[in-house]
Structure formats: structure tokens, C-alpha cells
Amino acid sequence: MTTQSFGKAIRRTEDDRLIRGHGSFTDDAGSAGLSLTMIRSPYANARILSIDVSEAWDVEGVQAVLTYNDLPGRLVEPLPLLIPHPSLVAPRTQYILAKEHVRYVGEAVVAIFATDRYVGEDAAERVIVEYEPREAVVGIDAALGPNLVHDDVPGNVAADHVEHVGNVDQALVGAPHVLELDLDMERSMGSSLEGRASHATWDRHSRKLRIQNATQTPTSVRFAVANILEIPDEQVEVFAIDVGGGFGTKVIHPWPEDILTAWGAIEYERPVKFTEDRVEHFISSSHERAQRHQIKVGFDDEGRILGLDVDFVHDNGAYTPYGMIAPLITATQLPGPYKLPNYRVRFRSVYTNTVQVTPYRGAARPHAVFSMERTIDRIAAFLDIDRAELRRRNFIQPDEFPYDLGMIFQDGRPAIYDSGNYPELLEKVLAMIDWDGFPERRSQTPSGRRRGIGVACYVEGTGLGPYEGGHVRVETGGKVQVSTGLASSGQGHHTVFAQIVADELGVPFEDVEVVTGDTRRFQYAVGTFASRAAVMSGNAVAEAARLVKEKAIQIAAEALEANPDDLEIVDAQVQVKGTPARGIPLAQVAVLANPLRYSFSEAARAATQFAGAGDLDEPPIKPGEDPGLEAAGWYSPVRSTFASGAHAVEVEVDTATSEVEILRYCVVHDCGRLINPLIVEGQIHGGVAQGIAGALYEKMAYDEDGNLQNASFMDFLMPYCTEIPEVEIDHLETPSPLNPLGIKGAGEAGVIPVSAVIAAAVEDAEGFQINHMPLFPSELHEMRLMNAEVSE
Amino acid sequence: MNTEESYEIRLKVNGKTQQITAPARRLLSDALRGELGLTGTHVGCEHGVCGCCTVLVDGAPVRSCLTFAVAVQDREIRTVEGLAADGGELHPVQEAFKECHGLQCGFCTPGFLMTACALIEQNDDPTEEEITEAIAGNLCRCTGYQNIRAAVRYAAEIVRSDKT
């Protein structure tokens with residue numbers, strides 16, 4: 001039998017070129033050509049009175065300096081609204097270059113094409129833009145106030161949405177106990193170490209526009225560019241070879257710079273590159289996470305939740321290119337692993353004069369889990385019931401799947417949990433952290449320290465549609481070439497898809513080569529986001545491999561004069577089951593799969609027209625067949641599959657400095673069948689680190705005028721290794737019944753419950769309520785003073 | 001307007017001396033990536049905080065985004081491309097990062113490799129504190145650092161076992 005790859009901690013095939021410095025990131029492409037430099041608004045809300053670019057044109061090396069008025073054709077239109085939604089009554093997207101008005105600090109105003117970025121920035125200094133500033137709308141309070149971000153959007157409300165299950169009002173009236181909570185979270189952002197980037201070349205001979213782009217969705221970048229430039233799709237090729245982290249930010253497309261580089265490449269017949277610098281990433285890409293929640297919960301004496309009423313406000317920044325996806329995810333993922341017979345959620349999504357808000361790893365689930373888990377802990381405290389026990393009493397039980405939440409998920413389909421075992425997740429994580437032994441450990445806390453413990457559970461909808469595809473081709477040299485349309489930004493797709501194909505086809509893992517995110521290889525795809533790539537493309541390449549296997553067995557059956565049912569593929573050879581001596585190498589089957597007139601090798605002679613093979617009364621390619629040992633496979637799920645997990649953390653808080661130290665961090669994770677535990681654990685490590693960053697270190701520090709005061713790595717406290725502890729991981733494998741491989745997504749999970757679990761542990765240590773994240777030492781110090789006053 | 005003065009600059013990179021013509025303000029990171037085509041050195045922040053652009057100058061880790069090319073003329077510069085010969089045997093730090101899954105997107109990786117290389121070539125038996133101290137100036141957004149620490153530990157182990 002071929003050695004099985006699925007489930008093994010195989011080392012990544014991606015790594016060799018990356019560790020040798022031979023990766024191919026977008027900025028690595030092309031040294032000649034033009035560089036695009038953007039001039040961005042220094043005001044959060046202002047009218048543009050005049051722009052004088054005349055002196056910039058004089059700088060040696062400048063090709064062009066453009067403002068909105070210089071843009072041709074469809075480039076004058078606002079960028080597309082990527083995901084419309086019925087609740088989004090006032091969608092707004094930005095222009096490629098600002099038209100009359102700027103609505104956040106960082107909005108693109110002028111584009112400079114120059115021989116390099118140094119020259120571009122010299123020219124930028126010579127452009128004079130005159131603004132008339134207006135009152136900036138910064139933060140949720142201001143958004144609900146009198147000043148407007150868009151003059152034609154009253155109250156700054158982009159969307160006002162309600163979903164309702166059961167009858168909350170009645171449940172709350174009848175509940176023996178009702179508690180109210182106000183919870184809020186701050187902004188952070190993806191902060192991939194590679195910023196946004198695009199490199200476009202126009203080959204006027206073949207009439208092809210070739211774009212290397214740091215994107216999570218190359219196929220959609222292609223359609224968007226072709227559409228806006230009004231050229232045929234066939235003239236546009238987009239590929240993302242290596243992408244230096246995405247985290248959701250690089251789902252957004254097309255960015256103004258994507259269009260300008262593409263347009264400029266054709267217009268000036270020179271390659272054009274845009275490489276975002278760090279400041280630009282802070283002020284002109286995307287942020288996420290600012291939300292404020294008001295919660296009312298009714299429950300009985302045993303702590304069973306009878307009704308939950310949630311009203312939250314989502315700060316969507318200045319524009320809504322990604323629709324209402326983030327707040328919709330909070331709304332539908334808030335129930336988590338708990339039974340909520342009566343649940344109502346309303347959100348208002350409001351405009352502010354800040355960078356747009358679009359999903360960042362976790363995608364509004366951290367807020368959902370923070371809200372739900374804080375609520376559970378508050379009920380436990382009120383009733384004086386152990387927090388773990390209160391969770392047990394409210395869990396959806398393993399025999400209750402499929403479990404219908406009664407809501408519509410972000411894929412437009414019913415939110416129905418497919419499988420899971422939430423009680424076991426909890427028991428495992430409690431055992432791991434020794435929950436019951438905590439009182440003993442707490443009693444040994446050193447002086448000057450306070451110790452606390454917390455636990456949090458979550459459910460994550462993953463692997464959503466509409467579809468992905470995969471293509472598998474066996475080359476006559478024996479290599480198996482696999483492609484899928486979605487892009488990779490560190491997830492190890494090349495390795496895991498090769499594992500899947502190797503097993504399905506019966507070839508050694510080493511023979512499989514995978515390409516992702518290249519429209520020249522695979523034209524149809526959705527993209528890498530929502531923890532969907534392994535589920536979607538994994539099942540698609542598996543299907544493609546099965547079709548190739550079927551075809552190989554048919555062809556080999558003729559060549560071997562055997563019954564197809566008696567054949568198997570082992571170690572890249574098609575053979576009679578259990579009789580390796582009667583077999584034919586897959587590479588030779590690939591030769592036979594393509595009837596030839598011209599031979600290119602000794603092996604290929606067997607497929608030529610005088611070789612004497614085949615029935616002379618049949619055409620060489622029979623009706624319904626295709627030449628080549630290849631096939632495309634598709635996977636399109638009826639709905640999302642739901643992964644889950646439980647995190648527990650033990651912390652110590654310093655009584656003098658208010659610094660939070662993580663003593664132990666434990667994760668039990670269930671993403672169905674594991675394709676590669678090494679890679680899944682790596683995803684969890686990184687997710688937890690981003691969660692800790694968002695819980696204790698990072699926020700976007702806007703001043704009241706809308707200036708981002710910490711737009712650099714000097715001031716935005718992205719953690720180094722000194723801030724991130726070791727994470728202990730255990731798995732549960734509850735297969736998904738929705739897809740043949742039984743897998744669920746794993747990419748985002750690590751980040752989701754971190755703010756909730758750290759808040760729980762700090763609350764346990766301090767003895768007062770934690771309702772706000774992130775939690776900086778200065779804030780914790782203030783809270784201590786306030787709570788001391790209250791108790792005096 | 002403002003034609004800039006250029007300089008002939010001799011750069012000794014990975015044992016090979018090459019001459020480039022560049023203005024005084026050309027950063028070493030841009031000279032390596034642009035003029036010399038050594039794109040393995042990455043630029044993550046351009047203000048010396050993330051460590052992606054770390055190269056070794058006379059054996060010590062240096063931020064190439066804060067260094068002018070003209071300032072390191074004739075010094076011994078090592079970049080990630082110099083750790084192993086093309087297609088040749090991996091350097092222990094490269095081997096260890098692969099074995100321990102110490103990289104995901106790979107963008108920060110060259111900076112970590114060069115930093116770790118400087119550490120273990122000076123000290124093949126570093127303590128946990130020494131490892132932390134060495135890599136605490138490099139940012140990674142993907143891995144949570146756990147496997148990077150493991151990789152540095154393992155790289156030192158490889159060096160020690162190669163000696164015995």
C-alpha cells in the first residue's frame with residue numbers, strides 16, 4: 001500500500017524555497033518599471049478645495065501625477081460593494097482617488113507614477129492640496145451624535161438589522177433572574193508583515209495584463225480589474241505566488257492601487273509596482289473589532305439561560321466595501337455552544353471618519369464569544385455556581401446534532417451546527433489546566449501577585465461556500481500537478497493538498513506538486529478566508545484525484561486486458577489487486593491517455609497512431625472522454641461546517657504594575673479530521689498569539705480629530721516572543737458529516753476566545769468586573785482605583 | 001529638477017564583491033533587493049522595528065532598512081541567500097526552522113534565520129533566556145513564536161551534534 005499521508009505531521013513542501021530566500025513575494029517581482037506612490041489625506045473629514053500638482057511633474061523620473069479629475073472611463077466610479085446585504089441600506093465605498101471629499105486620514109488623493117519610490121516621494125512633497133476640514137466623527141459615541149461622515153447618510157447608520165429566535169420579551173418577563181451587561185472591544189488590525197502589493201505588466205504583443213498581487217482572492221481581483229478597465233477577462237492574469245500573511249485584510253479588493261497599477265501598466269506600457277509601506281498599512285488598509293454590546297439575559301435558579309437580548313453597535317469606519325459580514329457574524333456566532341431558545345440580536349453599523357472595518361482573523365467572533373462568555377461568567381457569579389458547571393448546564397448535547405440555530409449565517413444559508421461534542425471539549429480543557437486544583441494553587445500565590453483562572457468556549461462556522469475547485473493532472477514524467485484557485489498566505493496549503501491527493505490517487509506524497517492562487521492554472525475560485533481553504537479546496541482536489549484515478553483505471557484496464565474492478569493504484573502504479581507484477585506505471589497511463597501523432601520520447605511511442613493499440617472501429621477519443629490523464633473536481637457545500645473549541649488560562653496579575661502574566665494557556669480544539677497536526681497546531685499557536693495581542697497589547701489609538709496616533713510598530717504594540725507564552729494543545733476529532741474528508745476549518749480558531757478567557761481570568765484574580773478589552777496595565781490600574789473607591 | 005549625485009559602491013555580499021551605482025540615500029535593504037536582486041531580505045516596516053530585513057554585517061545582526069548601502073562598503077555582508085549554496089545542504093538554522101515548523105508565510109523568516117545564525121555561530125548551547133534575548137527584536141505575525149523558539153533550540157542542537 002502507498003504510505004498514507006493524511007493525518008501525518010509531514011514537514012512542509014513550501015519551506016525549502018522560503019528558508020533559502022527564494023520565495024516570490026509581490027515586491028520581489030520586476031526591478032525595472034514604474035513605482036506608484038500615493039498622497040493620502042492628512043484630514044479625517046474634509047472637503048478638497050484645490051490640488052496643485054504642477055511642481056511634481058518637474059521632478060526627474062516622474063511619469064505622471066494624477067488626481068480624480070484625470071481618471072478615465074470607469075476609474076471615476078466608486079469601488080465595488082463586494083457583498084451587498086438587504087440590511088445595508090446606505091452602502092458607501094471609496095473612489096480610487098478622492099472625489100471632492102476625504103473621509104479618513106489615509107484616503108488616497110493623488111497618484112504619482114515615477115521611476116522609483118524615492119523619486120515618487122520627492123515628487124509627493126511638491127504637491128499642494130488645500131483642504132477645508134470639518135468636524136471628524138471618531139468612535140461610536142461620535143457616530144451616534146450630530147456630525148455626519150456622509151452627508152446623505154442620516155445618523156451615520158449604514159445598516160440596522162434584527163434577528164429573532166423564539167420570544168425574548170416573554171422569556172425575560174418570565175425569568176426568575178435578569179442581568180444586564182455593557183461590553184465593548186477596541187479596534188486592532190491584521191498587520192501582516194508584508195503589506196499590500198501589486199505588480200502589473202502589460203505585454204502589448206500578446207495583449208496580456210499580468211498581475212502579481214498580495215491577495216487572498218486572485219480570481220476575484222482578475223474579474224474586478226477586467227471589469228473596471230473594461231477589457232476582456234481573458235487579457236488579465238492574476239497570481240499570488242507567496243503572500244506574506246493576509247489575516248483577512250488581503251481579502252479586500254480591488255484596492256485603489258490594484259486598479260492604478262494595472263491601468264498604468266497599459267497606459268505607460270511599463271511595469272508598475274505598488275508596495276505599501278508600514279504607515280500606509282496602518283492608515284489605508286483595513287481595521288476590525290470596535291463594537292459595543294448591551295446585553296440583557298434572563299435565567300432560572302440553576303443558571304439555565306431562558307432569554308438573551310443583545311443590542312450592539314458596530315463601527316464600520318468610513319466605507320463598507322465588505323458589506324455587513326463582520327456584524328452578521330457576531331450576531332449569528334454569539335450563541336456559541338449554548339442553547340438559546342429565545343434570542344434576539346439587533347445591530348446598528350455606523351460610519352466614522354476612520355479606516356474602513358472589514359474582517360480580521362476571527363472576523364467579529366472574538367466579540368461574539370467575549371459577549372457570550374462574559375454573560376455566562378456573570379450568571380455564575382450571581383448564582384455562586386462554578387463557571388464550568390454553568391457551561392455544562394447550558395451546552396448543546398452531542399446527541400442534538402444537527403442543531404438548528406434558527407438564524408441565517410454569513411453564507412446566506414441556515415446556521416445549522418453539523419457536529420460537535422462541547423461537553424467533552426470542556427472536560428478535556430478543565431483536566432488539562434487542572435481546574436479543580438486551582439484553589440490550592442491560588443493559596444500559594446506569591447505576595448505582590450493575584451492569581452486567576454478562566455475558561456471560554458466557542459463555535460466557529462467554517463468552510464463556507466459557494467464553492468472551490470481543484471485540478472489534478474498526471475504528467476507523462478510521473479509528476480502529479482495539482483492546482484486550485486484560492487491563494488495561500490502561510491497556511492501550508494501546498495503540503496496539505498498534496499497529502500490529500502497522494503492518498504486519493506495512490507501516489508507518493510513527494511510526486512505531488514501544488515500551485516495555488518494562479519488564474520493561469522485555475523480560473524474559478526472564491527478565496528482564502530473564513531477558515532475555508534482546507535475544507536473547500538481540500539475536498540475539491542480530493543474529488544479531482546478520484547476522477548483521475550477512475551480514468552487511469554479505465555485506461556489501464558484496456559492496456560492490461562483486465563477488469564477495471566480488479567485494479568488498484570499503489571505507489572503510482574495501476575495494478576491487478578495484490579499482483580504488482582501485473583501493472584503499469586501511472587506515468588505510462590498518462591502517455592496512453594493522450595493519443596499522439598507525434599512522439600516526443602521512447603515511452604510516448606506507445607500512444608502513437610501506428611502503435612497498434614485500440615479498437616480500430618472506435619475513435620481514439622470516445623464520445624464523452626477527454627484526452628490527458630487529468631480532471632477538475634468541485635466541492636460546493638449545502639452550508640458551513642462548524643468547528644469548536646475550549647480555551648483555559650491561568651494568569652497572575654502584579655499588584656504594583658498591574659501587568660498580566662500568563663502562567664499557562666491550554667487549548668482543546670475540534671476541527672474534525674486533522675490533515676496535518678503540525679500545521680493545525682501552528683495555526684492555533686499563531687491565532688492564540690494574535691488573540692493575546694488583541695487582549696493585552698494592541699489597539700488603534702485615534703485622537704478626536706481622527707489621527708491614528710500609533711501608526712507604526714514603535715507605538716502599536718504588536719507582541720514579540722517576550723509577550724507570548726507556550727500554548728498547550730489537545731485535539732478532539734468530531735468529523736463533519738457534510739464533506740467526504742470529514743474536515744472543518746482551523747485557520748482562525750486560535751484567536752476567537754482569547755479576549756473572553758483572559759478577561760475571565762483577570763476578573764477572577766481581581767474580583768471586579770472586566771467589561772472592556774483590550775486590557776492595558778494603565779487601565780487595569782485605573783479600574784483598581786475605581787473599584788477600591790466603590791468598595792470604601 | 002534635482003538630479004541626484006550617485007556613488008560607486010563596492011558591496012561584499014555572501015563572499016562575492018559587486019559594484020553598484022546608487023545615490024547616498026539608497027538603503028542597504030533596497031540595494032540588496034533592487035541592485036543585487038537578492039530579494040530574500042524582506043522589508044516589513046522601514047523603521048527598524050520588525051526585523052524582517054536583518055542581515056549580518058561582520059557577523060552581527062543589522063537592520064538593513066536603517067543602513068545606507070554606502071555606509072557598509074567593503075564590510076562582510078551575509079544574507080539569507082548565503083546560508084546555503086543553491087540547492088545545497090541547508091544551514092542548521094534553515095534545517096531547524098523546516099523541521100520545527102518555525103515559519104508559516106515566510107516573510108519574517110529571513111530576518112529570524114540571520115538573527116538565529118548569529119546567535120548559534122557564537123554560542124551553540126544557548127539558554128532559554130539567551131534565545132529569547134536574541135530573537136526578541138524580530139516580529140512574526142503567523143507563528144506565535146513557539147515553534148521559532150523550538151527551531152533555534154534545535155539548530156543549536158544540530159551544531160553541537162555536528163561537532164561530536
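Predicted model: local features only at pLDDT ≥ 70, side-chain atom pairs only at ≥ 80, totals over all residues.
Residues are numbered from 1 along each chain as its sequence is written, and chains are lettered from A and ligands numbered from 1 in the order in which they are written.

- Nine of the 12 residues of α6(A) are buried (20 or more other C-beta atoms within 10 Å of a residue's own; exposed means 12 or fewer, partly exposed in between; C-beta atoms are placed from the backbone).
- Among the buried residues are Val221(A), Arg222(A), Val225(A) and Ile228(A).
- Their cover includes β10 (208–213), β11 (236–239) and α7 (256–268) of chain A.
- After α6(A) comes Glu230(A), which has a positive phi near 55°.

- The axes of α14 (residues 493–505) and α15 (residues 533–560) of chain A come within 9 Å and cross at roughly 30° (axes are lines fitted to C-alpha atoms, for helices over the stretch in contact, with angles from 0 to 180 degrees between N-to-C directions).
- Residues that meet here include Phe497(A) and Ile500(A) in α14(A), and Val541(A) and Ala545(A) in α15(A) (contact means C-beta atoms, placed from the backbone, within 7 Å).
- By class, the residues of this contact are 11 nonpolar, three polar and three charged (Ala, Val, Leu, Ile, Met, Phe, Trp, Tyr, Cys and Pro are nonpolar; Asp, Glu, Lys and Arg charged; the others, Gly among them, polar).

**The largest nonpolar core**

- This core has 303 residues (a set of buried Ala, Val, Leu, Ile, Met, Phe, Trp, Tyr and Cys residues joined through C-beta atoms within 7 Å).
- Helix α15(A) gives the most to this core, with 14 residues.
- Val501(A), Val589(A) and Ala116(B) have the most contacts inside the core.
- Leaving aside residues up to four places away in sequence, Val589(A) touches Ala552(A), Ile555(A), Ala556(A), Val574(A), Ile584(A) and Leu629(A).

**Where the chains meet**

- In all, 44 residues of chain A are in contact with 47 residues of chain B.
- Helix α17(A) gives the most to chain A's side, with six residues.
- That side has 17 nonpolar, 15 polar and 12 charged residues.

Note on methods: Helix = DSSP H or I, 4+ residues; strand = E, 2+ residues; numbered from the N terminus. Contact = placed C-beta atoms within 7 Å.
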